[in-house]
Amino acid sequence: MRALVTDMTGDHPARACVIVSNNPDAGGIAWAQAQDIPTLVVDHRPFGADRAGFEAALNAGLEAHGPDILCLAGFMRKLTGGFTDKWAGRMINIHPSLLPKYKGLHTHARVLEAGDAQHGCTVHEVTAALDDGPILGQARLDVAQDDTPESLAARVLQLEHRLYPAVLRRFAVGDRTQIVL
């Protein structure tokens with residue numbers, strides 16, 4: 001999120017209108033407030049198993065700010081079709097794997113367990129299917145023999161900070177051509 005917001009200056013075609021989290025203690029909320037960017041927290045816990053209720057509250061909060069694009073970054077809640085359909089074609093996400101491989105969690109450990117030679121990250125349009133949707137960009141790196149899940153995560157995060165802003169710049173002007181870094 002910080003990499004995206006930091007890049008949204010000068011001739012960038014997008015600006016952050018609100019930073020949203022489902023976690024009231026998320027560090028990004030405090031950072032956004034320090035940057036004078038509006039924030040919204042919709043804690044999912046009071047909703048329990050009521051996904052529709054949580055998503056309705058989330059959607060109402062978003063609509064109050066009128067975003068054109070939703071950029072997910074570290075938002076660890078699976079969204080239903082009722083939510084994703086409303087924002088179809090306007091919601092993107094970054095995932096720490098070379099999709100379609102390793103959807104879901106623990107991607108770095110899974111890459112190491114599989115003995116993959118390469119790893120990376122993917123920016124994709126969000127659909128109701130987990131870590132699915134059209135791929136907008138990927139960045140890859142070679143897996144080192146001494147990599148651990150933690151070292152691999154740190155190196156992939158550096159790629160994410162380059163890839164996601166590059167994809168957003170293009171996506172904001174309607175260019176969905178894949179970027180490969």
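**The largest nonpolar core and its surroundings**

Author: In this predicted model, the largest nonpolar core has 22 residues, and Ile 92, Cys 121, Val 123 and Leu 163 touch the most other members. (A nonpolar core is a set of buried Ala, Val, Leu, Ile, Met, Phe, Trp, Tyr and Cys residues joined through side-chain atoms within 4.5 Å; buried means under 20% relative accessible area, exposed over 50%, and partly exposed in between, with a 1.4 Å probe and protein chains only.) Two or more residues of this core come from each of strand E4 (91–95), strand E5 (118–125), strand E6 (135–142) and H6. (Helices, H or I with at least four residues, and strands, E with at least two, are DSSP runs numbered from the N terminus.) H6 gives the largest share, eight residues. In soluble globular proteins, nonpolar side chains tend to be buried together.

Residues are numbered from 1 along each chain as its sequence is written, and side-chain values use heavy atoms, with hydrogens and water left out. The model being predicted, local features need pLDDT of at least 70 and side-chain atom pairs count only at pLDDT 80 or more, while totals for chains, interfaces and linings use all residues.

Not counting residues up to four places away in sequence, Val 123 touches Ile 92, Asn 93, Ile 94, Pro 134, Ile 135, Leu 136, Gly 137, Leu 163, Tyr 164 and Val 167, where contact means heavy atoms within 4.5 Å. Another core, of 14 residues, lies apart from the largest one, and its members include Val 42, Phe 54, Leu 70 and Phe 75.

Asn 22, in the loop between strand E1 (19–21) and helix H2 (27–34), counts as buried because its relative accessibility is 9%. Beyond four places in sequence, the contacts of Asn 22 are Val 42, Asp 43, His 44, Phe 54, Phe 75 and Arg 77. The side chains of Asn 22 and His 44 are joined by a polar contact of 2.8 Å (a pair of N or O atoms within 3.5 Å; within protein, one must be able to donate a hydrogen and the other to accept it, and residues adjacent in sequence count only if both atoms are side-chain atoms). Phe 83, in helix H4 (residues 81–86), has a relative accessibility of 4% and therefore counts as buried. With neighbours within four places in sequence left aside, Phe 83 is in contact with Glu 55, Leu 58, Asn 59, Leu 62, Leu 70 and Met 91. Leu 58 is 25 residues from Phe 83 along the chain, and their C-alpha atoms are separated by 9.2 Å.

A search of the whole structure finds one cavity of 30 Å³ or more. The volume of the largest cavity is about 40 Å³. Its lining consists of Leu 136, Val 167, Arg 170, Phe 171, Asp 175, Arg 176, Thr 177 and Ile 179. Helix H6 (residues 149–171) gives the most to this lining, with three residues.

Definitions and conventions: On a 1 Å grid over the protein atoms alone, a cavity is a set of points where a 1.4 Å probe fits but cannot get out, and a pocket is an open set with protein on both sides within 12 Å along at least five of seven lines; lining residues have an atom within 4 Å of a point. Grid points are joined across faces, edges and corners, and a volume is the space filled by probe spheres set on the points.
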